[in-house]
Amino acid sequence: MRGGGLWQLGQSITRRLAQADKKVVAHRCFATEAELKKTVLYDFHVANGGKMVPFAGWGMPIQYKDSIMDSTLNCRENGSLFDVSHMCGLSLKGKDCVPFLEKLVIADVAGLAHGTGTLTVFTNEKGGAIDDSVITKVKDDHIYLVVNAGCRDKDLAHIEEHMKAFKAKGGDVSWHIHDERSLLALQGPLAAPVLQHLTKEDLSKIYFGEFRMLDINGVHCFITRTGYTGEDGFEISVPSEHAVDLAKAILEKSEGKVRLTGLGARDSLRLEAGLCLYGNDMEQHTTPVEAGLTWAIGKRRRAEGGFLGAEVILKQIEQGPSIRRVGFFSSGPPPRSHSEIQDDKGNNIGEVTSGGFSPCLKKNIAMGYVKSGFHKGGTKVKIVIRGKSYDGAVTKMPFVPTKYYKPS
Amino acid sequence: MASRLWASRAASYLRISVLHRGFSSVVKDLKYADSHEWVKVKGNSAIVGITDHAQDHLGDVVYVELPEVGAAVTQGGSFGAVESVKATSDINSPVSGKVVEINEELSNSPGLVNASPYENGWIIKVEMSSTDELTSLMDSDQYSKFCEEEDAKH
């Protein structure tokens, strides 16, 4: 067997790196394992059978003893615990942190209630996506956000540059990068009952997208009821010295049902949930409108603009984008990133950005961009894989229904 | 294989490391290619599949792309592909010749490649154009050693 292989995570690493400084790329591509950054849970992963792989400069578990198929299914049936400490947690503080952040993202940050958050996109002057991020308004003078590991350097540089200019004009904002903390994602139907064993706070009062600072396992944590699987769950920011103990406590309280889960299953889960992987499904040149994230642009922001690239984005909302992100079901081999999409006459209409076999649906799912007009559900397409074309159809996402915990 | 199979050129370029999961099985009378296919020879005819080591690294196989009966294959050349949840890998032919039979059961049950890599998960049967090529393949002991060395690199 030869390496015509296209492994999505591998791809996303290279593609992410390709966006960074060329010198950095050369350096990182030849980085040895010893140079990879390790989360505080690294030895814990290895002790639990984690297969460690390089990901965005970090040594991370791609899977443990279970297959990716079993891990994916177990997350939806029981639960998963992921170490996502490679992602970058950041606090913006100061009385002007909200207006500051609003210059860089599409969300209506001012309109968020205290302790609530949303998925948003950092845009550039052309309206393209620098990164996607979950942001939370803790208070009017404190925003907590998490950005992608692979985008950390460019995101921080971008924020810093704008922060300098903002402060020079008298704005009150500063940041703190939470390198002293680790991040665990607990996902699946057992997430809430298991976590409830470890805190006195009533978790049934914390809904999807909400944020709290509370004691878990006796330690001061930040939790956000969110995730990257489509399941109910939490992302828990814990002081790094307590991260291993918390991971152990979660696994123990679940009586083995919640299992450590790696990046492989995480990718299957997010794809089934129709969520973008930055670097694959969204890039510098993709606008949030094209990516199907128009819903994340607050009403007030649409009226007022005031974020980078607003002219381009608002015009696209008005006129409709020329390409759109959609989902597909298809026959034949699973489509992968870069598979060509054709109309039923064989004309090129777009490209797959993520794809694979869905462990839950037992069939191929994919997402990609097609020309507007071909984006409607049920549109027949051809997907070209290794020179052969296979039947596919545009399908609504998420592929697997999401189970976010919302007030009824 | 580990490096190559473990995904992509990109991944191997980044030196993906894989912890050794223990010894995979080999079968004594088969011949092995360094790209992790096995071949079982009877006269001029050769049955081809992927090794236990290969299926173990690939994980759950979800699709096998088969050639047409009658297609020509060449030693070291790709004739199909195996798709798992995480990766796509080409399958190379360990011998040259003509495909005389394909394992059609794999269309409905690609998981046979995982469950029975050396028996029910066979992939194609080839009428060999030259049995001389077999000398360039490994026997089971050489192949076991080869796998250990390859895993140790990662």
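Q: Which residue in β9(A) does A:L81 stand opposite?
A: In this predicted model, A:L81 stands opposite A:L186 of β9(A).

Q: In which sense do β3(A) and β9(A) pair, parallel or antiparallel?
A: Antiparallel, and the pairing of β3(A) with β9(A) runs over 4 bridges.

Q: And what about β3(A) and β13(A), parallel or antiparallel?
A: That pair is parallel, over 3 bridges. Within it, A:S80 has A:R259 of β13(A) as its bridge partner.

Q: How many residues of strand β3 of chain A are buried?
A: The count is 5 of the 5, over residues 79-83, so the strand is largely enclosed by the rest of the structure.

Q: Which residues of β3(A) point which way?
A: A:G79, A:L81 and A:D83 point to one side of β3(A), while A:S80 and A:F82 point to the other. Residues on both sides are buried.

Q: Back to A:L81. What is it in contact with, leaving aside neighbours within four places in sequence?
A: The contacts of A:L81 include A:L184, A:A185 and A:L186. Also among them are A:A247, A:I250 and A:L251, as well as A:V258, A:R259, A:L260 and A:T261.

Q: Which residues touch the most other members of the largest nonpolar core?
A: They are A:L81, A:I216, A:I236, A:L246 and A:I250, in a core of 29 residues.

Q: Which elements give two or more residues to this core?
A: The strands are β9 (181-187), β10 (211-216), β11 (219-224), β12 (233-239) and β13 (258-260) of chain A. The helices are α7 (191-196) and α8 (243-253), also of chain A.

Q: Which gives the most?
A: α8(A), with 6 residues.

Q: What does the second, separate core include?
A: That core has 27 residues, among them B:V39, B:A46, B:V48 and B:L58.

Q: New topic: where is A:E235?
A: A:E235 sits in strand β12 of chain A. An unreviewed UniProt entry annotates A:E235 as "binding site".

Q: Is A:E235 buried or exposed?
A: Buried: its relative accessible area is 11%, and the cut-off for buried is under 20%.

Q: What does UniProt say about residues 41-299 of chain A?
A: The unreviewed entry covers them with the annotation "domain: GCVT N-terminal". In the model, that span is 26% helix and 31% strand, and its end C-alpha atoms lie 41 Å apart.

Q: How many residues of α9(A) are buried?
A: Here it is 10 of the 10, so α9(A) is largely enclosed by the rest of the structure. One of the residues in this helix, which covers residues 263-272, is A:E272.

Q: Is A:E272 buried or exposed?
A: A:E272 is buried, with a relative accessible area of 0%. Beyond residues up to four places away in sequence, A:E272 touches A:T72 and A:R76, along with A:S358, A:P359, A:C360, A:L361 and A:I365. A:P398, A:F399 and A:V400 are also among the residues touched by A:E272.

Q: What follows α9(A)?
A: A:G274, which has a positive phi, near 75°.

Q: Now chain B. Where is B:K86?
A: B:K86 lies in the loop between β6 (78-84) and β7 (88-92) of chain B. UniProt, in an unreviewed entry, places the feature "modified residue: N6-lipoyllysine" there.

Q: Is B:K86 buried or exposed?
A: B:K86 is buried, at a relative accessible area of 7%. Its side chain makes a polar contact with the side chain of A:Q63, at 2.8 Å.

Q: How many helices and strands does chain B have?
A: Chain B has 6 helices and 9 strands. Of its 154 residues, 55% are buried.

Q: What is the mean pLDDT of chain A?
A: The mean is 92, and 92% of the residues in chain A reach 70 or more.

Q: Where in chain A is the pLDDT below 50?
A: Over residues 1-30. This stretch has 90 contacts in the model beyond near neighbours in sequence. Where pLDDT is low, the predicted coordinates should not be read in detail.

How values were computed. Residues are numbered from 1 along each chain as its sequence is written. Chains are lettered from A and ligands numbered from 1 in the order in which they are written. This is a predicted model: local features need pLDDT of at least 70, side-chain atom pairs count only at pLDDT 80 or more; totals for chains, interfaces and linings use all residues. Side-chain values use heavy atoms; hydrogens and water are left out. UniProt positions are given in the numbering used here, feature names are shortened, and annotations may be inferred rather than shown by experiment. Buried means under 20% relative accessible area, exposed over 50%, partly exposed in between (1.4 Å probe, protein chains only). A polar contact is a pair of N or O atoms within 3.5 Å; within protein, one must be able to donate a hydrogen and the other to accept it, and residues adjacent in sequence count only if both atoms are side-chain atoms. A nonpolar core is a set of buried Ala, Val, Leu, Ile, Met, Phe, Trp, Tyr and Cys residues joined through side-chain atoms within 4.5 Å. Contact means heavy atoms within 4.5 Å. Two strands pair if DSSP finds at least two bridges between them. pLDDT is the predictor's confidence in each residue, from 0 to 100.
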